[in-house]
Amino acid sequence: MKRVLVFEAHGDDMEFFAGGTIAKFAAAGHEVIVVVATDNDKGSFELGADEMRALRDRELNGAADVLGVARVIPLGYSDGDLAYDAPPRELRGQFMRLIREVKPDIMFTWDPFAPYEGHPDHRAVAVAANEAASFAHFPNFYPEHAADGVQPHYVSEHWYFAKSPRDQNKFVDIDAHIDTKIEALWQHEAQMVLTVADMKCQQQASGLNIPWLEALDPHDYRDVIAKQMKAAGRAAAGRSGLDCTYAEGFRRTRFGGIESLAKDQQIAEDV
Ligand SMILES: [Zn+2]
């Protein structure tokens, strides 16, 4: 059994980019723990910040149950303001302490080197999580952790969400888990309503004629989210070289690239 630790900015980040793969890890008996840095309080055109915070736990736990996630750890930073409210050294230290406590074999998070990432929370999580995972086994980083009985830990694999096909070097067949991924996304009701409402904003501002979108009530998000996820899964499968209909693609590094020193040997895949 491996332990998987996910660092995400918002409750639905992992579901969009890795929901099928996380469901596959969980179904194979691995333990998945998810850290959600912010409280999602900006994610609605309809609900205020307090109402959004009240919804958060229900949606997070609903999606975690669908995916088979063992534990969700919400950190509660303000949505959109993570980089401003959490100084980089503080956030990195918080993530490093969680790594040293949870002791994951595998980390999933945003890619700190992905270009054109517009969301400041995604960038802040990416940098802090990557640095924390890279240095958590060095005892002289944040030595106060050891004083609390939390010991250094080496994270073997870093899996980064990859929006751009150019960055993807690892693909996972999610044929058996695409429906679970979609079901988990549907649990994030406020965020799904926002996603469709934002598409309608874009359509209205553009003046483009897209009748099905003009007619769509954002609360009827299920079909459009399912179609989007299946289209993305088919596109990734087409690039993957795998014999599957749906896939997810990641930028992955394992064991710091030590494989290059043992070219005749293979490290086994977990999923
Ligand atoms: Zn996000």
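Reader: What should I know about the model and its numbering?
Author: It's a predicted model, where local features need pLDDT of at least 70, side-chain atom pairs count only at pLDDT 80 or more, and totals for chains, interfaces and linings use all residues. Residues are numbered from 1 along each chain as its sequence is written.

Reader: How do you know whether the span of helix α4 agrees with its 15 residues?
Author: The expected span is 1.5 Å times one less than the number of residues. For residues 88-102 that rule gives 21 Å, and the end C-alpha atoms are 21 Å apart, so the two agree. Just after α4, lysine 103 takes a positive phi of about 60 degrees.

Reader: Why is glutamate 51 called partly exposed?
Author: A residue is buried with 20 or more other C-beta atoms within 10 Å of its own, exposed with 12 or fewer, and partly exposed in between (C-beta atoms are placed from the backbone). Glutamate 51 has 13 such neighbours, so it counts as partly exposed. You'll find glutamate 51 in helix α2. Over the chain, buried residues make up 41% of the 271 residues, and those in α4 include Leu91, Phe95 and Ile99.

Reader: What makes β2 and β3 a pair?
Author: Strands pair if DSSP finds at least two bridges between them. β2 and β3 have five, in the parallel sense, and valine 35 has isoleucine 73 in β3 as its bridge partner. β6 and β7 have four bridges and run antiparallel.

Reader: Why are β3 and β6 called edge strands?
Author: The seven strands form an open sheet in the order β3-β2-β1-β4-β5-β7-β6, with mixed pairing. β3 and β6 each pair on one side only, and that is what puts them at the edges.

Reader: How do you know whether the radius of gyration of the chain agrees with a compact globule?
Author: The radius is taken over C-alpha atoms, and the globule rule is 2.2 Å times the number of residues to the power 0.38. With 271 residues, a compact globule would come out near 18 Å; the chain has 19 Å, so that agrees. Along its principal axes, the C-alpha trace spans about 55 × 45 × 30 Å.

Methods:
Helix = DSSP H or I, 4+ residues; strand = E, 2+ residues; numbered from the N terminus.
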